[in-house]
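Here is a note for a colleague who is meeting this structure for the first time. The points below are meant to be read with the sequence and the model open alongside.

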Amino acid sequence: MAEPVLLRRVGHVDPTRLEDYLAWGGFEALRRALLRRPESIVDEVKASGLVGRGGAAFPTGVKWEAVARESRTPKYVVCNADESEPGTFKDRVLMEGDPFVLVEAMAIAGHAVGAEEGYIYVRGEYTRAYERIKNAVEEATRAGFLGDHILDSDVSFHVHVYRGAGAYVCGEETALFESIEGKRGQPRQKPPFPTTHGLFGRPTVINNVETLANIPPIVLHGPEWFRSLGPEDAPGPKLYSVSGAVNAPGVYEAPMSVTLRELIEEYAGGVRNGGRVQAVLVGGAAGTFLGPKELDVPMSFSGLRKVGAALGSGAVMVIDEQVDMWEVLLRLARFFAHESCGKCYPCQLGTQRQLEIVRRMASGRIRYQDILRLRDIQATMADASICGLGQTAGNAILSGLRVMGLDVS
Amino acid sequence: MTKMTVDWQRVDEVIARWAPKGRAGLLPCLEEVQEITGWLSPEVSRRVAAGLKVPLADVFGVITFYSLLYERPVGRVIVRVCDDVSCFVNGSQEVVQACRTYLGIEPGETTPDGMFTLETHPCLGRCERAPFLMVNDEEYGPVRGEDVPRILDAWKERVRSE
């Protein structure tokens with residue numbers, strides 16, 4: 001396993017001390033970025049091939065370029081730190097262990113797109129991460145890495161830290177904007193997209209924590225180096241949150257050529273008690289179950305797409321043969337029914353009907369039409385919901401039934 | 001539930017600090033106020049609405065939307081047991097059961113003395129420490145059912161000595 005990039009400082013530095021971050025090369029990328037024209041930074045991020053690590057895998061440089069081209073001001077840089085996808089904890093580990101990197105990345109983003117204000121929206125239940133980020137912002141401001149005229153340049157950038165209040169849907173970018181604006185966190189209809197109408201209706205770059213953590217290394221080492229770190233169609237390092245029935249659950253950094261089997265057996269120490277995999281939920285509750293015969297799939301966007309799954313946030317939840325899969329599916333169905341925000345009907349109604357059917361099936365009363373009905377609900381939610389929550393709310397249930405041998409198409 | 005006495009002075013200080021932000025200050029304002037008052041009563045909500053110049057209906061709308069904002073009284077200590085997939089796979093049911101037995105209440109309920117509220121919670125993002133338990137801001141994991149009485153005993157002591 002190569003030297004980690006994203007986790008390089010985690011566990012080795014005191015995350016509350018700016019001196020430690022500086023001693024490990026911190027803020028060098030910002031220093032260099034400030035000496036360069038904003039367009040050249042945007043070009044470099046584009047050339048690196050970095051795509052968003054929050055789940056949607058949108059090219060980061062393309063987002064930045066769109067906002068950089070907007071002439072309307074003010075513009076904003078928002079960090080989506082509302083990590084709530086079940087089974088995902090990589091952003092928390094980064095924020096708790098290396099909070100200054102986010103601050104540095106956001107200041108670089110601000111310079112690149114012409115924004116002078118940034119918001120970090122941290123999940124409400126992430127108390128320690130919130131404290132660490134707040135401390136990092138204060139320390140960086142005190143030392144002149146944030147604020148007016150950063151490092152005596154003509155670039156200014158201020159960061160506000162917000163705390164979520166317990167709503168999965170706020171991880172959806174437009175719902176997150178609504179939340180910061182003091183409203184119920186319900187997603188907006190898109191288009192318009194955040195690059196033109198984001199926070200407070202202004203051009204906004206919104207990036208996930210892990211995505212931003214890649215920025216300083218790209219600025220320091222260049223796009224070619226970044227591309228050399230992974231397979232051709234999936235550049236850069238990736239964090240995987242591996243949990244469930246494994247011996248060593250945790251966050252692991254690997255190139256996206258890594259297979260699911262390698263993550264489970266080599267990184268996470270194998271299935272507990274020498275047991276066997278029954279199913280693996282890849283990508284969190286919004287993700288897809290894979291069966292024991294599908295473990296050799298590469299954990300990249302294209303690799304997973306070939307087996308009908310998606311990388312999403314990089315969550316890997318391992319279910320061994322001791323676990324009652326019905327209990328797992330019931331929890332997932334309950335989760336979506338609870339977290340649906342109620343704004344659009346396909347999701348509001350679909351997640352409820354899905355829960356009712358799964359609950360009945362789990363109690364042993366399975367009807368012939370159940371699978372067809374669930375497929376119909378899933379298709380309706382996928383086609384007609386306005387945000388990713390509803391669009392993915394049926395995936396885990398249907399794929400879980402498939403792994404159990406119940407949905408044979 | 002004992003009658004709540006609100007420290008209005010501290011509440012007003014928080015409101016005054018967020019007032020310049022207007023509506024964009026609503027969420028952090030409510031979060032900070034709740035840290036003082038424990039929950040967001042209609043009386044407290046009216047104060048926030050007036051201070052931030054946000055319609056009261058919208059303040060209620062926000063409070064009822066977020067699961068960490070409480071429109072009803074809750075215990076001084078909130079016990080959150082993660083019961084999502086990875087915690088379930090690692091035995092969270094045993095932890096839920098131990099909490100029910102110790103507190104004598106069901107998830108969603110508050111003990112009659114107003115000390116504890118029990119909640120089962122969707123993924124808390126500490127899956128490497130499954131099964132995971134959060135008591136107010138303190139983190140425990142991996143926990144076993146047999147650890148629960150000791151953990152909650154300590155919290156009882158802590159609240160009584162405050």
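**Notes on the two chains**

1. In chain B, the residues B:Val11, B:Ile15 and B:Trp18 of α1(B) meet B:Val44, B:Arg47, B:Val48, B:Gly51 and B:Leu52 of α3(B), where two residues are in contact if their C-beta atoms, placed from the backbone, lie within 7 Å. By class, the residues of this contact divide into six nonpolar, one polar and one charged; Ala, Val, Leu, Ile, Met, Phe, Trp, Tyr, Cys and Pro count as nonpolar, Asp, Glu, Lys and Arg as charged, and the others, Gly among them, as polar.

2. Before going further, please note that this is a predicted model, in which local features need pLDDT of at least 70 and side-chain atom pairs count only at pLDDT 80 or more, while totals for chains, interfaces and linings use all residues. Residues are numbered from 1 along each chain as its sequence is written, and chains are lettered from A and ligands numbered from 1 in the order in which they are written.

3. The axes of helix α1 (residues 8-18) of chain B and helix α3 (residues 42-52) of chain B come within 9 Å and cross at roughly 30 degrees, the axes being lines fitted to C-alpha atoms, for helices over the stretch in contact, with angles from 0 to 180 degrees between N-to-C directions. That angle makes α1(B) roughly parallel to α3(B), a term used for angles under 35 degrees. The crossing of α1(B) past α3(B) is right-handed, that is, the near helix is turned clockwise from the far one by less than a right angle.

4. Helix α3(B) also packs with helix α2 (residues 26-37) of chain B, at an angle of about 145 degrees and with the axes 11 Å apart; this crossing, too, is right-handed. On the α2(B) side, B:Leu26, B:Cys29, B:Leu30, B:Val33 and B:Thr37 meet B:Val44, B:Val48 and B:Leu52 of α3(B), and this contact has seven nonpolar, one polar and no charged residues.

5. Chain B as a whole has seven helices and four strands, where helices (H or I, at least four residues) and strands (E, at least two) are DSSP runs, numbered from the N terminus. Their order from the N terminus is α-α-α-α-β-α-α-β-β-β-α, and the C-alpha atoms fill a box of roughly 50 × 30 × 20 Å along the principal axes. Of the 162 residues in chain B, 43% are buried, which requires 20 or more other C-beta atoms within 10 Å of a residue's own.

6. How many residues does each chain give to the contact between them? Chain A gives 39 residues and chain B gives 29 residues. The largest share of the chain A side, five residues, comes from α13(A), and that side divides into 16 nonpolar, 13 polar and 10 charged residues.

7. A:Phe27 is found in the loop between α1 (18-23) and α2 (28-34) of chain A, and counts as buried because it has 24 C-beta neighbours inside 10 Å. Not counting residues up to four places away in sequence, A:Phe27 touches A:Leu22, A:Glu104 and A:Phe145.

Definitions and conventions
Parallel < 35°, antiparallel > 145°, perpendicular 65-115°, else oblique. Buried ≥ 20, exposed ≤ 12 C-beta atoms within 10 Å, placed from the backbone.
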